[in-house]
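Could you walk me through this model in the viewer, one selection at a time? I would like to know what to pick next and what sits there.

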Amino acid sequence: MIKIVTVCGAGVGSSMMERLFAQQILDAENIEAEIDASDIGSVDPNSYDIVITTSDFANQLAHAQSKVIRIDNLMDKEYLKEQLLATIAQLEK
């Protein structure tokens, strides 16, 4: 099963919103995944296949072995869907 984490500064604002959006996208596509929300200070990005975060925090996660999806417009669900499905396709290769 794919493991995904959404990351923000405190782990309760934008990361929870992106977690919900990602879950809705994956449910609609019938893709099973475990999705967590976390704060930047306590996340272990290498414990996940995919990290979803804003550009502000993506630079701090550049060393991660996981795939990092950068989101600048948190309300752009279509962009998230495009990036998430493309990243999952890369993982399945």
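Start by selecting Thr53, which lies in strand E3, residues 50-54. Keep in mind as you look around that this is a predicted model. Is Thr53 buried or exposed? Thr53 has a relative accessible area of 3%, and because anything under 20% counts as buried, Thr53 is a buried residue. Now show its side chain and look for the backbone oxygen of Val7: the side chain of Thr53 reaches that oxygen at 2.8 Å. To see the rest of the surroundings, display the residues that touch Thr53, leaving aside neighbours within four places in sequence. They are Val7, Ala58, Leu61, Val68, Ile69, Arg70 and Ile71.

You will find Val7 in strand E1, residues 2-8. Val7 is buried, with a relative accessible area of 3%. Which residues does Val7 contact, once neighbours within four places in sequence are set aside? The list is Ser15, Ser38, Asp39, Ile40, Val43, Val51, Ile52, Thr53, Thr54 and Phe57. While you are here, draw a C-alpha to C-alpha distance from Val7 to Arg19: the two are twelve residues apart along the chain and separated by 9.0 Å.

Next, colour two helices. Select H1, residues 14-28, and H3, residues 77-91; their axes come within 10 Å and cross at roughly 65°. The crossing of H1 and H3 is right-handed. Which residues meet at this crossing? On the H1 side, show Glu18, Phe21, Ala22, Gln24, Ile25 and Leu26. On the H3 side, show Lys77, Leu80, Lys81, Leu84 and Ile88. Sorted by class, the contact between H1 and H3 has seven nonpolar, one polar and three charged residues.

Now move on to the loop between H1 and strand E2 (33-39), and pick Glu29 there. Glu29 is partly exposed, with a relative accessible area of 34%. Apart from neighbours within four places in sequence, Glu29 is in contact with Lys81 and Leu85. For a view across the model, draw a line from Glu29 to Asp44: they are 15 residues apart in sequence and 27 Å apart in space, C-alpha to C-alpha.

Stay in the loop between H1 and E2 and select Asn30. What is the value of phi here? For Asn30, phi is near 55°, a positive value in a residue other than glycine. Asn30 has a relative accessibility of 71%, and because the cut-off for exposed is over 50%, Asn30 counts as exposed.

The loop between helix H2 (55-58) and strand E4 (67-71) comes next, and Gln65 is one of its residues. At 72% relative accessibility, Gln65 counts as exposed. Gln60 counts as partly exposed, at 45% relative accessibility. From Gln60, draw a C-alpha distance to Ile40, which is 20 residues away along the chain: the separation is 8.4 Å.

Finally, zoom out and switch to a cartoon view. How many helices and strands does the protein chain have? There are three helices and four strands, and from the N terminus on they run β-α-β-β-α-β-α. The radius of gyration of the chain is 12 Å, close to the 12 Å that the globule rule gives for 93 residues, so the chain is as compact as a globular protein of that length. If you turn the model along its principal axes, the C-alpha atoms fill a box of roughly 30 × 25 × 20 Å. Colour by accessibility and you can pick out the buried residues, which make up 39% of the 93 in the chain. Last, consider the contacts between residues at least 6 apart in sequence: 58% of them join residues at least 24 apart.

Notes. Residues numbered from 1 in each chain as written. Predicted model: local features only at pLDDT ≥ 70, side-chain atom pairs only at ≥ 80, totals over all residues. Heavy atoms only, no water. Buried < 20%, exposed > 50% of the residue type's maximum accessible area, 1.4 Å probe, protein only. Polar contact = N/O pair within 3.5 Å; in protein donor to acceptor, adjacent residues only side chain to side chain. Contact = heavy atoms within 4.5 Å. Axes fitted to C-alpha atoms, helices over the stretch in contact; angles between N-to-C directions. Left-handed = near helix turned anticlockwise from the far one by under 90°. Nonpolar A, V, L, I, M, F, W, Y, C, P; charged D, E, K, R; others polar. Rg over C-alpha atoms; globule rule 2.2 N^0.38 Å.
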